[in-house]
Number of protein chains: 2
Amino acid sequence: MTPQKDITIYDLAKELDLSPATISRALKNNPIINAATRKKVMDLAAKKGYRSNAFASNLRTQKTNTIGVIVHELNSYFMTAVLAGIEEVATEAGYDILIAHSNETVAKERTNAHNLFNKRVDGVIASLAYDTEDLAHFEPFIKKHIPLLFFDRTDNNIAATQVVIDNEEAGYIATKHLLDQGCKRIVHATANLKRNVYADRLTGYKKALKKYKLPYNEALVLVNDFKEDTGKLIVESILTMKEKPDGLFVTNDFCSAVCIAELKKAGIKVPKDIAVVGFNNDVVSRMVEPNITTINYPGKLMGRMIAERLVLQLKTKKNINKQEQIIVPSELIVRDSSKRKK
Amino acid sequence: MTPQKDITIYDLAKELDLSPATISRALKNNPIINAATRKKVMDLAAKKGYRSNAFASNLRTQKTNTIGVIVHELNSYFMTAVLAGIEEVATEAGYDILIAHSNETVAKERTNAHNLFNKRVDGVIASLAYDTEDLAHFEPFIKKHIPLLFFDRTDNNIAATQVVIDNEEAGYIATKHLLDQGCKRIVHATANLKRNVYADRLTGYKKALKKYKLPYNEALVLVNDFKEDTGKLIVESILTMKEKPDGLFVTNDFCSAVCIAELKKAGIKVPKDIAVVGFNNDVVSRMVEPNITTINYPGKLMGRMIAERLVLQLKTKKNINKQEQIIVPSELIVRDSSKRKK
DNA sequence: TATTTCTTTGCAATCGGTTACAGAATCAAA
DNA sequence: TTTGATTCTGTAACCGATTGCAAAGAAATA
C-alpha cells in the first residue's frame with residue numbers, strides 16, 4: 001500500500017517512445033501535432049490517470065488561471081449569490097476561484113490580499129471590510145498590472161473597475177417609501193460612513209427628506225456596526241427618544257429583523273407605530289413577522305458582471321485597473337413591515 | 001509604467017555576491033547559515049520586496065502547504081464558525097486553506113474534489129453534499145495517502161477520521177424535550193435519510209418515542225430537502241393531517257423558522273398548539289417570534305478539532321485515512337417555541 | 001533526379017527554489 | 001606545524017511543463 005506515484009509527461013513519453021515536448025503539445029490539442037499521435041497520447045494519458053502538474057505549468061507560463069475573491073463576509077444570501085455568479089463565469093472561462101473572507105476586519109483583509117498576491121492569482125475581485133480605510137494592501141496588484149476589481153463595498157480612491165448598485169438612489173427610494181406611508185420622523189440606522197455603501201444611502205435618505213421638506217435631524221441617524229446585538233442597541237436608543245420616531249430605515253436585513261423583534265418586545269407595533277425598511281433582501285426578511293420591506297439587489301448578476309469584466313481584462317490586457325463604475329439595478333420590495341396605507 | 005518585475009533569489013544572490021543556495025537557506029532561517037549573512041539577506045529581501053515563488057517551491061518539495069475544505073454550503077452560521085476554527089489552526093501551523101463549496105450537489109462536490117486534487121492540496125476536510133451517495137471522487141486522495149477528514153456530514157463507508165456530534169443523542173434529546181412538554185404526536189421534518197446526520201436524528205427520535213411508550217408512526221416523518229419553500233410544504237402536510245400533531249421537530253433552523261411563520265399564518269399557535277424544536281442554533285432561531293428551541297453544536301470547536309487532527313496527520317504521517325470517529329458535545333437550548341410548562 | 005515546401009517531431013533551455021554533497025575556511029587540539 | 005573537527009558556503013541536479021528553434025521526413029514541384 002505505497003502511495004500512488006504521479007504520472008508525468010516523461011512517463012507518457014517513454015511509454016510511447018516520443019519526446020516530452022510532443023506529449024505536452026498533444027495534451028494541449030496543439031494542431032501542429034499529428035491527429036493520430038494526439039489520440040494515442042490522449043488515450044494513454046486517460047488510461048494512466050495523468051494529471052498536469054499545475055506548479056510546473058504555472059512556473060513556466062507565469063500564469064495561474066486562478067482568480068482571487070476577497071469577501072467581507074460569507075454568511076449572507078447576497079454573498080453566496082455573488083460567489084455563485086463569479087464562479088459560473090470564471091469556470092466557463094477556464095479560471096478557478098480562490099475564496100478568502102476577511103470577516104469584516106482590515107487585518108484579515110490585508111493578510112488575504114498578501115496571500116493572494118503570493119499565490120499569484122491572475123486577477124482579484126474584492127468587497128471591502130467594514131473598517132478598511134487604507135487601501136495600501138491592494139497597491140501591489142496595481143503595480144504589477146494585475147486586474148483588481150471591486151463590487152458592492154468599494155472605494156473611489158483606487159484605480160479599479162467597480163460594480164455597484166446606486167446606493168444613493170436606493171437610500172432615497174427606501175426613505176421616500178416610508179415618507180409615502182406617512183412617516184414624519186424616520187430613524188436611519190446604518191454603519192461606518194466611511195464605506196461608500198453607507199455614506200451613499202445616507203445621502204439618499206437626506207435627499208428624500210429634503211424633497212418632502214422635512215428637516216434633517218442628525219440625532220435620528222444611528223451609526224453602529226451590525227453585530228448581533230446592535231439591533232438591541234438601536235431599539236434602546238429609540239426608546240429613550242423624547243419624540244418617538246414613526247419610521248426606521250436599517251441598512252441591513254439581519255439587523256432590522258432584530259430591531260423588529262426588540263420593538264415588539266417593547267410593545268411597539270410594526271408597522272403601525274413604527275414602519276420598518278431593511279436592506280439586502282436576505283432570506284431572513286421573509287422569515288420574521290411582519291415580513292420586512294427591503295431593497296433587493298441582484299447578487300448573482302453582480303457576480304457575473306464583475307467576473308465577465310475581469311475575464312475580458314485578462315484576455316485583452318485592456319482597461320486593467322482603470323477607474324470605471326458599473327451600476328446594476330436595485331429595487332424596493334414592499335412587504336408588511338412598512339405598509340400603513342392601503 | 002511597465003509592470004514591476006518579480007525579485008528572485010538569484011537577484012538577491014547577485015547583489016550580495018552569494019549563491020542562490022545560501023539565499024534560500026537564509027530566507028528559511030536555516031541555522032546553518034551565519035547569523036550575520038542571514039540578516040544581510042533578510043534585510044535585502046525586505047528592501048527589495050522579495051516574495052517566494054510558491055510554484056517553484058511546491059514543484060521542488062512536492063508540498064503545497066495548503067488544506068482544501070469542501071463544504072456543502074456557505075450560508076450558515078455553523079459553517080462560518082467551522083471555517084473560522086479550521087482557519088485558526090491551519091494558519092498557526094503554516095497552512096493556507098482553500099475553500100470550495102458544493103452548494104448541496106454531488107456534481108459540484110465531485111468537481112471540487114477533482115480541483116483540489118489537481119491543486120495538490122496536502123490534505124482535505126469535507127462535509128458531504130445533500131445527495132452524495134457514491135464517494136468515488138474521494139478515492140484519489142486515499143490512493144495517494146493524502147489525509148482526508150470529514151466533519152458533520154459524513155459517511156461510514158470511507159476510511160477517514162470524522163468529527164461529528166452524536167446526532168442520535170441530539171435527536172433523542174430534542175424529541176424527549178417535546179415529550180416532556182406534553183406532546184403526544186410529534187412530526188419529525190427532516191432531510192435525505194442517506195445522510196448520517198438525518199438518519200441518526202431519526203433514530204434518536206424513534207428511541208425517545210419508545211422510551212415514552214408511544215408508537216412510531218411513519219406518516220409523521222416528513223422527508224424533504226431544505227429549500228426555501230420546504231417549510232410551507234411541511235405546514236401544508238400538517239394541515240391536512242386528520243389528527244393534528246402537537247409537536248414539530250425540524251432538523252434545520254431556517255426551515256423551522258419558515259414553519260413557524262406558516263403555522264402562525266394558518267392560525268396555529270406556537271408553542272400552545274404545536275411546540276417546535278429546530279436544529280443548529282442558527283442566528284435566525286433568535287430572530288423569529290417565538291425564539292426557537294434548538295440544538296446547539298460548537299462549529300468553531302469542530303473546525304479546530306478537525307484541523308488539529310489533520311495537521312497532526314501531516315506532521316507525523318500517522319493515522320492517515322484511518323477510520324476514527326470523534327464526537328463533540330451538543331446541547332439543547334430551550335427557548336419559547338417549545339415551552340408549554342413552567 | 002534535384003530542389004523546395006510542408007508537416008511533424010525533437011532538442012534543450014527555461015521558470016525559481018531546494019537540497020545532497022563537496023569543498024573551503026576557521027579554529028582547536030595534538 | 002600538522003591533523004581533525006567545526007562552521008559556513010557553493011555546485012549542480014532536480015521538480016515537470018512549455019516553447020523557440022532546429023531538423024528530419026514526407027510530399028510537391030521543377
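Which side chain has an N or O atom 2.6 Å from a phosphate oxygen of DNA strand D? Select Tyr50(A): that N or O atom is in its side chain. The model on screen is predicted.

**Stop 1: DNA strand D**

Select DNA strand D and the protein around it. There are 27 surrounding residues, and the closest are Ile9(A), Arg25(A), Tyr50(A), Arg60(A) and Thr22(B). Of the atoms of DNA strand D that come within 4 Å of the protein, sugar and phosphate make up 58%.

Next, go to chain B. Select Arg60(B), which has a polar side-chain atom 3.0 Å from a base oxygen of DNA strand D. Then select Gln62(B), where an N or O atom of the side chain is 3.3 Å from a phosphate oxygen of DNA strand D.

Now colour by helix. At least two residues of the surface near DNA strand D come from each of these: H1 (9-16), H2 (20-27) and H4 (54-61) of chain A, and H2 (20-27) and H4 (54-61) of chain B. H4(A) gives the most, four residues. Coloured by class, this surface shows 10 nonpolar, 11 polar and six charged residues.

**Stop 2: DNA strand C**

Move to DNA strand C, which 27 residues surround. Thr22(A), Ile9(B), Arg25(B), Tyr50(B) and Arg60(B) are the closest. Sugar or phosphate holds 60% of the atoms of DNA strand C within 4 Å of the protein, and bases hold the rest.

- Asn34(A): a polar backbone atom lies 3.0 Å from a phosphate oxygen of DNA strand C.
- Arg60(A): an N or O atom of the side chain is 3.1 Å from a base oxygen of DNA strand C.
- Ser24(B): an N or O atom of the side chain is 2.9 Å from a phosphate oxygen of DNA strand C.

The elements giving two or more residues to the surface near DNA strand C are H2 and H4 of chain A, with H1 (9-16), H2 and H4 of chain B. Among these, H4(B) gives the most, with four residues. By class, the surface has 10 nonpolar, 11 polar and six charged residues.

**Stop 3: two helices of chain A**

The crossing of H10(A) and H11(A) is right-handed.

To see the contact, show the side chains of Thr230(A), Gly231(A), Lys232(A), Ile234(A) and Val235(A) in H10(A). They meet Cys255(A), Val258(A), Cys259(A), Glu262(A) and Leu263(A) in H11(A). The contact of H10(A) with H11(A) has six nonpolar, two polar and two charged residues.

How values were computed: Residues are numbered from 1 along each chain as its sequence is written. Chains are lettered from A and ligands numbered from 1 in the order in which they are written. This is a predicted model: local features need pLDDT of at least 70, side-chain atom pairs count only at pLDDT 80 or more; totals for chains, interfaces and linings use all residues. Side-chain values use heavy atoms; hydrogens and water are left out. A residue is near a molecule or strand if one of its heavy atoms lies within 4 Å of it. A polar contact is a pair of N or O atoms within 3.5 Å; within protein, one must be able to donate a hydrogen and the other to accept it, and residues adjacent in sequence count only if both atoms are side-chain atoms. Ala, Val, Leu, Ile, Met, Phe, Trp, Tyr, Cys and Pro count as nonpolar, Asp, Glu, Lys and Arg as charged, and the others, Gly among them, as polar. A crossing is left-handed if the near helix is turned anticlockwise from the far one by less than a right angle, and right-handed if clockwise. Contact means heavy atoms within 4.5 Å.
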